[in-house]
Protein chains: 4
Amino acid sequence: MKILMDLCVVPQVEGVSLSPYVAACQKILDARGIKNTLHAYGTNIEGEWEDVMAAVKACHEEMHKLGSPRVSSFIKMATRTDKDQSLEDKVASVEAKMR
Amino acid sequence: MKILMDLCVVPQVEGVSLSPYVAACQKILDARGIKNTLHAYGTNIEGEWEDVMAAVKACHEEMHKLGSPRVSSFIKMATRTDKDQSLEDKVASVEAKMR
Amino acid sequence: MKILMDLCVVPQVEGVSLSPYVAACQKILDARGIKNTLHAYGTNIEGEWEDVMAAVKACHEEMHKLGSPRVSSFIKMATRTDKDQSLEDKVASVEAKMR
Amino acid sequence: MKILMDLCVVPQVEGVSLSPYVAACQKILDARGIKNTLHAYGTNIEGEWEDVMAAVKACHEEMHKLGSPRVSSFIKMATRTDKDQSLEDKVASVEAKMR
């Protein structure tokens with residue numbers, strides 16, 4: 001089962017900057033060869049359910065390893081049986097209707 | 001790794017009522033013995049990462065089986081290494097500060 | 001326009017405990033007479049759009065006043081034109097289908 | 001008070017395609033001159049609190065006008081007092097840490 005996901009990992013840490021932590025998550029996704037696109041409020045991900053969920057777990061584990069005692073994730077995700085839709089398809093489909 | 005989750009499954013279906021679908025998800029959680037509390041905007045869940053994620057997948061599969069071609073989930077979740085916190089602990093902790 | 005909302009305010013703060021901050025938000029909702037129910041992963045809210053949004057803003061302002069430099073909110077919300085539904089209606093509707 | 005937001009409006013409609021509805025929301029944001037970037041799972045928005053919230057309300061009203069009896073939104077948003085951060089700053093900050 002394929003899944004499209006928007007993942008936003010928020011580790012609770014000292015200080016205000018979260019970008020080193022987000023970067024660590026990005027590296028995990030890239031290292032696992034999981035298709036992803038960073039945006040200003042999360043990362044869009046496309047892949048097989050098991051691969052994507054294993055990557056999300058690896059992100060939580062990495063955040064804890066980097067010193068965060070409490071790691072939250074905020075996720076939007078969808079599965080479809082009617083057609084195979086990519087992240088690019090979704091954006092293209094909206095943009096086509098805006099012309 | 002234990003996880004606390006707020007799960008909101010939204011199947012795209014004909015008609016406006018989603019409650020039969022939400023009820024089907026609740027039954028999946030109950031049948032698997034996963035601790036959960038229904039509220040007006042989702043279901044709070046507490047359990048081991050693998051058990052909880054397997055239940056979420058089972059919910060998506062059930063929604064498709066019930067006829068929804070597109071199933072979305074909206075999830076808030078957290079893991080902690082500093083202490084073992086239950087769903088009840090979280091509510092009690094806030095209520096204690098309101099007195 | 002009436003709105004049902006699930007509000008989860010997350011201030012970035014020193015230390016791990018967020019419950020004093022959540023309690024402060026609850027007090028704001030109560031003081032404004034906005035119907036709400038605390039659960040383990042947020043607060044369900046019911047009210048007129050303008051009242052609810054003004055309360056959300058007041059929560060952000062209060063978090064900053066209490067010392068948080070960065071305040072995030074994670075919101076699920078819905079408006080309906082087909083019927084007037086309360087928070088209790090939503091829960092009752094699911095529970096009726098589980099019997 | 002400036003706000004950064006990730007907005008995902010989900011109207012309940014007949015049929016599976018939501019892109020015409022998302023396009024209608026994009027047009028509302030553009031017509032109001034509110035800075036926004038569409039991605040595969042929502043739209044990132046930057047602006048003054050009141051302007052952004054008025055636009056979100058206009059999106060809900062437009063979805064109802066287009067025939068959806070039930071409109072949900074899923075929002076992530078943040079306000080900061082420590083610095084003025086743009087949508088581009090957030091992405092650049094993560095990307096700098098990935099090199």
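Leaving aside its neighbours within four places in sequence, which residues is V9(D) in contact with? The partners of V9(D) are V22(D), C25(D), C59(D), M63(D), V71(D) and S73(D). Contact here means that the C-beta atoms of two residues, placed from the backbone, lie within 7 Å.

This is a predicted model, in which local features need pLDDT of at least 70, side-chain atom pairs count only at pLDDT 80 or more, and totals for chains, interfaces and linings use all residues. Residues are numbered from 1 along each chain as its sequence is written, while chains are lettered from A and ligands numbered from 1 in the order in which they are written.

**Core**

The largest nonpolar core has 107 residues. V9(A), V9(B), V9(C) and V9(D) have the most contacts inside this core. Such a core is a set of buried Ala, Val, Leu, Ile, Met, Phe, Trp, Tyr and Cys residues joined through C-beta atoms within 7 Å. A residue is buried if 20 or more other C-beta atoms lie within 10 Å of its own, exposed if 12 or fewer, and partly exposed in between; C-beta atoms are placed from the backbone. In soluble globular proteins, nonpolar side chains tend to be buried together.

**Sheets**

Strands (E, at least two residues) and helices (H or I, at least four) are DSSP runs, numbered from the N terminus. Two strands pair if DSSP finds at least two bridges between them.

One open sheet has eight strands, in the order β2(A)-β3(A)-β1(A)-β4(A)-β4(B)-β1(B)-β3(B)-β2(B), and its pairing is antiparallel. At its edges stand β2 (35-39) of chain A and β2 of chain B; each has a single partner strand, so one side of each is left without a neighbour in the sheet. Neighbouring strands of this sheet are turned by 20° against each other on average, direction ignored. Such angles come from axes, which are lines fitted to C-alpha atoms (for helices over the stretch in contact), and run from 0 to 180 degrees between N-to-C directions.

An open sheet of eight strands also joins chains C and D, with antiparallel pairing and the order β2(C)-β3(C)-β1(C)-β4(C)-β4(D)-β1(D)-β3(D)-β2(D). β2 (35-39) of chain C and β2 of chain D are the edge strands; each has a single partner strand, so one side of each lacks a neighbour in the sheet.

| Strand | Partner strand | Bridges |
|---|---|---|
| β1(A), residues 2-12 | β4(A), residues 70-80 | nine |
| β1(C), residues 2-12 | β4(C), residues 70-80 | nine |
| β1(C) | β3(C), residues 42-48 | six |

In chain A, V10(A) stands opposite S72(A) in β4(A). In chain C, L4(C) stands opposite A78(C) in β4(C), and V9(C) faces S73(C) in β4(C) as its opposite residue. K2(C) has E48(C) as its bridge partner in β3(C). β1(C) is mostly covered, with ten of its eleven residues buried.

**Interface of chains B and C**

Chain B gives 27 residues to the contact and chain C gives 27 residues. On the side of chain B that touches chain C, β1 (2-12), α1 (19-31), β2 (35-39), β3 (42-48), β4 (70-80) and α3 (87-98) of chain B each supply at least two residues. α3(B) gives the most, with seven residues. This side divides into 14 nonpolar, seven polar and six charged residues. Ala, Val, Leu, Ile, Met, Phe, Trp, Tyr, Cys and Pro count as nonpolar, Asp, Glu, Lys and Arg as charged, and the others, Gly among them, as polar.

Copies are superposed by least squares on the C-alpha atoms of residues with pLDDT of at least 70 in both.

**Interface of chains D and A**

Here 27 residues of chain D are in contact with 26 residues of chain A. On the side of chain D that touches chain A, the largest share, six residues, comes from α1(D). The residues of this side divide into 14 nonpolar, seven polar and six charged.

Chain D can be laid on chain A by a turn of 180° and a shift of 0.0 Å along the axis, with an RMSD of 0.0 Å. The two copies are thus related as by a two-fold rotation axis. In chain D, the C-alpha of H39(D) is nearest the axis, 3.7 Å from it. 96% of the interface residues of chain D are also interface residues in chain A, so these copies meet through the same surface.
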